[in-house]
Amino acid sequence: MHTTDSGVLEGWNAEEFARVATSIENRRHDGDTSDLRILWRDEVDGREVGSGVVEARPVEAGELIAVSMPSYQVPESGELWRTVEAVTAAGSAWADEGHVVASQQLLLAEAPVPPRRPSVTEIPTEVAGEYHLGGARFDAHTGDLVELGGRPIGGPRLELWRAPIENDLLAFSNSYVAVEPTASRGVGAPAPSWADQWRAAGIDRLQRRVVSVTPGPGSLSVVHRYAPAASREAVVVELAWTWDGASLILEGSAVPSKGWTGTWPRIGLHFRLPEGLSRAEWFGTGPAENYADSNVAARVGRFASNVSDLIVDYAVPQESGLRMQLRELQLPDIDLEIRAQRAGGDLPGFALRAHDAHEVTGAAHPYELPESTATHLYLDVAQHGLGSRSCGPDVRPEYQLRPRAASWSLALRLRE
């Protein structure tokens, strides 16, 4: 693990970390760690099940020591995470007591998640232009979700576009879109800005065509095709809806055709929720926004925030607010709970805001944003990295989002 020069916790692999020892390295230039306390905390699905103080002598500058750690018990269900933190032992002019100076987090155990099983076997019938499945209603023509348990919920629609950030808009530095950093000694090659490349590919103006909406035993299968106008390149989205007696289950996939080049801004599903939602609680990464190449400070846990605080209010409205690797999202205003499981190896990230990506793109200043008519939820399997091409190197290849297939496994339910 790499943190600031004021101190570092260096983690071993999960079993060593939990059962044998952890190493503590002081990377300060001067001064030992007598001003710090080393704390540990175990959490199952973000809920604390144990904590304590790591007994360690002061570590001299530049020194590395090993200390013993308590053992752990594998939970019957859920994810067991251990967090070790170096915190200030007393308040000072620059930080209060308990300020986190360095931290390390490891997944110690993860119990298998049982498969979701539908409980309804009746074939949905069309009533007044709608299909009813459990507590959900769908538009019979488009297959879009319209309502869940009396709450208006719209979508989802595929979204590949994001409101460009400054690094997407500018091209002061060379690009790595077609030239590997190592092959060019880090220089890259000239190329249009990412936003210009995405617009040239038509990603900001995808058109949807409904291919099929097919009811089956306890299910509704929907196929959509998304493509820029007059383009051969397309993405086929398949949505399989089922009902398990309490939750609406969605197994979704998006598969691109041949011919796509360059990168995509994001690959996500966009839901429209009631306007004015004020609160969000989640189990995933946080507390602040985090992206593929900007997540070192993120940790896995349970967090809560006002919806308005999830995004950064930049002078120019732009993409903001993604929290990666979502497991559970609670929206108390409408009693909605969304649980995500890995699909194709991926957990989606989430972003929640009062305007959609295209409304944000069209505003040069916050006051130019239109009046909000919905709360917009994006569940992104991946996003293109942030990079620093406006003033430094481009997004590195490992953080670029090349066109690829994506999958989602979601359960939506209303909390009682």
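Modeller: Let's start with a term: a nonpolar core is a set of buried Ala, Val, Leu, Ile, Met, Phe, Trp, Tyr and Cys residues joined through side-chain atoms within 4.5 Å. Buried means under 20% relative accessible area, exposed over 50%, and partly exposed in between (1.4 Å probe, protein chains only). This is a predicted model, where local features need pLDDT of at least 70, side-chain atom pairs count only at pLDDT 80 or more, and totals for chains, interfaces and linings use all residues. Residues are numbered from 1 along each chain as its sequence is written, and side-chain values use heavy atoms, with hydrogens and water left out.

Colleague: Which residues touch the most other members in the largest nonpolar core?

Modeller: W241, L248, I267, F271 and L336 do, in a core of 64 residues. There is also a second, separate core of 13 residues, including L36 and V54.

Colleague: And what is L336 in contact with, leaving aside neighbours within four places in sequence?

Modeller: Among them are L148, I153, L273 and L412. Contact means heavy atoms within 4.5 Å.

Colleague: Switching topic: is R41 buried or exposed?

Modeller: R41 counts as buried because its relative accessibility is 15%. Its side chain makes a polar contact with the side chain of E43 at 3.4 Å. A polar contact is a pair of N or O atoms within 3.5 Å; within protein, one must be able to donate a hydrogen and the other to accept it, and residues adjacent in sequence count only if both atoms are side-chain atoms.

Colleague: How far apart are R157 and L269?

Modeller: They are 5.5 Å apart in space, C-alpha to C-alpha, and 112 residues apart in sequence. R157 is partly exposed, at 37% relative accessibility.
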